[in-house]
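Here is a short briefing on one model. Look over the sequence and the structure first.

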Amino acid sequence: MSMIDWHARAAALTIDGRALIGGQRVDAADGGLFECLSPVDGRKLADVARCRQADIDRAVAAAREAFEARRWAGMSPGERKRAMIRFADLVMANREELALLETLDMGKPISASMNTDVPATANTLRWFGEAIDKVYDEIAPTADHTLALITREPIGVVA
């Protein structure tokens, strides 16, 4: 795309600044907002929900519910793998919009967002997706006289 095309897309972009809690877009509990300004040109990108303690409590409660319901951990490794790879595919399918958002929010060149950041994100998701059904509780390489164990214990919800 030409620079003119990128500028036209930026001008037409609408950003939803609501919080994402429990899979739903929601306003801050107290209705608070803050302006997200682009370092590229100082323009307002969006009004973003100013989340405070009540919103954090809502997000933690939703995360705790998902954690206890084992929505992710309860899936088979194959299902988790497919979900992660699908996520990577969606990142790449939406790479232009994601790169534009990254550039507008961070001020970096669009070429860096498009050619480095977005593909690196997709590659990371894909790598971990592929590892899901291949990495087991392995022992770290150690010297003969050393004992090393790997214990994976979920810590649960963190805010």
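Two strands pair if DSSP finds at least two bridges between them. Strands (E, at least two residues) and helices (H or I, at least four) are DSSP runs, numbered from the N terminus. The model is predicted: local features need pLDDT of at least 70, side-chain atom pairs count only at pLDDT 80 or more, and totals for chains, interfaces and linings use all residues. Residues are numbered from 1 along each chain as its sequence is written, and side-chain values use heavy atoms, with hydrogens and water left out.

**Hairpin**
- Strand 3 and strand 4 form a hairpin with six residues between them.
- Gly 42, in the turn, has a positive phi of about 80°.
- The pairing of strand 3 (residues 33-37) with strand 4 is antiparallel, over five bridges.
- Leu 33 faces Ala 49 of strand 4.

**Salt bridges** (a side-chain nitrogen of Lys or Arg within 4 Å of a carboxyl oxygen of Asp or Glu)
- The structure has 13 salt bridges.
- Glu 35, Lys 44 and Asp 47 are linked in a network of them.
- Asp 55 and Arg 58 form a salt bridge, 2.8 Å from N to O.
- These two lie three residues apart in helix 2 (residues 53-68), so about one helical turn separates Asp 55 from Arg 58.
- Glu 68 bridges to Arg 64, with the closest N and O atoms 3.8 Å apart.
- Glu 68 is exposed (over 50%) at 56%.

Key: Buried means under 20% relative accessible area, exposed over 50%, partly exposed in between (1.4 Å probe, protein chains only).
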